[in-house]
Amino acid sequence: MLKRTLFFSTPYCLSLRNGQMIIHTREAPDQRKSIPIEDIGFVVLEDQQTSITLPLLNALSDNNVAVILCGENRMPNALLMNLDSNRTQGEHYRMQIAASEPLKKGLWKQIVETKIRNQAALLRKLGYDGNKLKPCYMNVKSADADNREGIAARIYWSELFGAEFYRSREGSPPNNLLNYGYTILRAAVARAIMGSGLFPAFGIFHRNRYNSFPLADDVMEPYRPYVDELVYQLYRNGNTQLTKKVKGELLRLLFVDTRFDKVVRPLEVGLMFSASSLAKCFAGTQKKIAYPLLE
């Protein structure tokens, strides 16, 4: 079942009653709207005057809803996740911790290769020369030993946004749009990972000691071009600032189509496919992570 994404950019009071999220304003407490908790997948709390009750937060957590908290700059700042979202969590944790270095190197090779393939596919889709990336994705070594990912990135960004563009978290637009889209994607990936019984703090490649979700950063890589496509269209249409409308458009990311062989599913569901297949790779029952190929 496709879950709903709720975005609160103005002050609301949120509470729980009979398994429903109750939504109203302070000015009109009698005008209430209710949404079943089981229908919700993501909640973005942006306005600093929003109030939410602890029973509601616990109910959202129990249903593996990703609750994203924004800071005063209205950018995503924190993520509420359930600590017990899968019944076989302990078993999955042990297999994940015990994963051998050759296995992790092979998985990272798959991730990088698929990411570059999707970057090339996006360039072709938008009318650019995606074949420039073919030598990169055709020659990825174990653990991406010679950094084909980095080589591909320089070519990719130059083709997509021009030779003057430099991808940086603090860079000029459309970096701000990319940052927001990637943050939403990262939260969705973390939710899928924990729903599959894996622990997001144990990464395959990313290992920064200050990073709480390195596995999410690993798994999301081949999905980044889906964000890039949305940002490209927004930027080409003259959007350079993170307005309410632009944020709403970026949240559509969770519902874009992703193709797995002959099966098409919304990205939110596709993430569950990828996370579940990764758990099977750690368990030794599957050799490849299931990733969509962008068309």
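A caution before the details: this is a predicted model.

I'll begin with the sheet. It is open and has 4 strands, in the order β1-β5-β7-β8, with mixed pairing. At the edges are β1, residues 4-8, and β8, residues 76-80, and each of these pairs on one side only. On average, neighbouring strands in this sheet are turned by 15 degrees against each other, ignoring direction.

Strand β5 covers residues 40-45; β1 and β5 run parallel and are joined by 5 bridges. Within that pairing, threonine 5 stands opposite phenylalanine 42. Helix α6, residues 175-195, packs on the sheet and touches β1, β5, β7 and β8. The direction of α6 makes about 140 degrees with that of β5.

Back to phenylalanine 42. What lies over the face of phenylalanine 42? That is arginine 191, at 5.2 Å from the ring centre. There is another case at tyrosine 182, where arginine 224 lies over the face, 4.4 Å from the ring centre.

Now the aromatic pairs. Searching the whole structure gives 14 of them. One is phenylalanine 161 with tyrosine 235, edge-to-face, with 5.8 Å centre to centre and 85 degrees between the planes. Phenylalanine 161 belongs to helix α5 and tyrosine 235 to helix α8, so this pair ties together parts 74 residues apart in sequence.

Key. Residues numbered from 1 in each chain as written. Predicted model: local features only at pLDDT ≥ 70, side-chain atom pairs only at ≥ 80, totals over all residues. Heavy atoms only, no water. Phe/Tyr/Trp six-rings, centres within 6.5 Å; stacked < 30°, edge-to-face > 60°. Helix = DSSP H or I, 4+ residues; strand = E, 2+ residues; numbered from the N terminus. Lys NZ or Arg CZ within 6 Å of the ring centre and 35° of its normal. Pairing = 2+ DSSP bridges. Axes fitted to C-alpha atoms, helices over the stretch in contact; angles between N-to-C directions. Contact = heavy atoms within 4.5 Å.
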